[in-house]
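Me: I'm new to this one. Can you walk me through it?

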Amino acid sequence: KNRIIIMGLSTSRVTDIGVGICCCHPGCIGTVGMLITGSTLVEKESMASSRITDIVLHVCGHVAVMVTGSSLVEDENFSTSRITDAYVGCVCGVLVTGAGTVEDE
């Protein structure tokens, strides 16, 4: 396998998974979600690259926005997101899956 390594963390793409806590319910609940928006120009492993401002939809029906990403790698003028990057909204969480062959700083 060819690997593209740019200082360490696997980059994330549309369909990658995050885990978090949603507090837009009567009591906060643990939940999982999936990145549903991404780049219109850049693909990683045949899926759209994800960036700060992209949306994570959780199984509870609530959404969150990516807020952290690479300080060195951009896609359409937004920092690319990676495993462990955070999102906030009704749900606060982190990405836990990403590309197996593409890493960003």
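Me: Which residue stands opposite cysteine 22 in strand 12?
Reply: Valine 91 stands opposite cysteine 22 there. Strands here are DSSP runs of E, at least two residues long, numbered from the N terminus.

Me: Before we go on, what kind of model is this, and how are residues numbered?
Reply: This is a predicted model, where local features need pLDDT of at least 70, side-chain atom pairs count only at pLDDT 80 or more, and totals for chains, interfaces and linings use all residues. Residues are numbered from 1 along each chain as its sequence is written, and side-chain values use heavy atoms, with hydrogens and water left out.

Me: Back to the strands. How do strand 3 and strand 12 pair?
Reply: They pair in the antiparallel sense, over 5 bridges. Two strands pair if DSSP finds at least two bridges between them.

Me: What do the strands close into, and in which order?
Reply: A barrel of 6 strands, in the order 3-4-7-8-11-12. The pairing is antiparallel. Neighbouring strands of this sheet are turned by 35 degrees against each other on average, direction ignored. Those axes are lines fitted to C-alpha atoms, and angles run from 0 to 180 degrees between N-to-C directions.

Me: How many bridges join strand 8 to strand 11?
Reply: There are 3, and the two strands run antiparallel. Valine 65 stands opposite valine 88 in strand 11.

Me: And strand 11 with strand 12, what do they form?
Reply: A hairpin, with 1 residue between them. They are antiparallel and joined by 2 bridges. Tyrosine 87 stands opposite glycine 93 in strand 12.

Me: Which residues make up the largest nonpolar core?
Reply: Cys22, Leu35, Val56, Ala64, Met66, Tyr87, Val91 and Leu95, 8 residues in all. A nonpolar core is a set of buried Ala, Val, Leu, Ile, Met, Phe, Trp, Tyr and Cys residues joined through side-chain atoms within 4.5 Å.

Me: Is cysteine 22 buried or exposed?
Reply: Cysteine 22 is buried, because its relative accessibility is 0%. Buried means under 20% relative accessible area, exposed means over 50%, and partly exposed is in between (1.4 Å probe, protein chains only).

Me: What is cysteine 22 in contact with, leaving aside neighbours within four places in sequence?
Reply: Gly27, Cys28, Ile29, Thr31, Cys60, His62, Cys90 and Val91. Contact means heavy atoms within 4.5 Å.

Me: How many disulfides does a search of the whole structure find?
Reply: The search finds 2. A disulfide is a pair of cysteine sulfur atoms within 2.5 Å. One joins cysteine 23 to cysteine 28, S to S 2.1 Å. Its torsion about the S-S bond is about 115 degrees, so this disulfide is right-handed. Cysteine 23 is partly exposed at 44% relative accessibility.

Me: What about the one with cysteine 24 and cysteine 90?
Reply: Those two are joined with S to S 2.1 Å. The torsion there is about -90 degrees, so the disulfide is left-handed. This pair links distant parts of the chain, 66 residues apart. Cysteine 24 is in the loop between strand 3 and strand 4 (29–35), and cysteine 90 is in the loop between strand 11 and strand 12.

Me: Which pattern do the disulfides follow?
Reply: 1-3, 2-4, with bonded cysteines counted along the chain.

Me: New topic. What is the phi of threonine 53?
Reply: Positive, about 90 degrees, although threonine 53 is not a glycine. Most residues other than glycine have a negative phi. Threonine 53 is in the loop between strand 6 (47–48) and strand 7 (55–58). Threonine 84 also has a positive phi, near 80 degrees. Threonine 84 is in the loop between strand 10 (78–79) and strand 11.

Me: Last one. What joins the side chains of threonine 11 and lysine 44?
Reply: A polar contact of 3.0 Å. That is a pair of N or O atoms within 3.5 Å; within protein, one must be able to donate a hydrogen and the other to accept it, and residues adjacent in sequence count only if both atoms are side-chain atoms. Threonine 11 is buried, at 0% relative accessibility.

How values were computed. Helix = DSSP H or I, 4+ residues; strand = E, 2+ residues; numbered from the N terminus.
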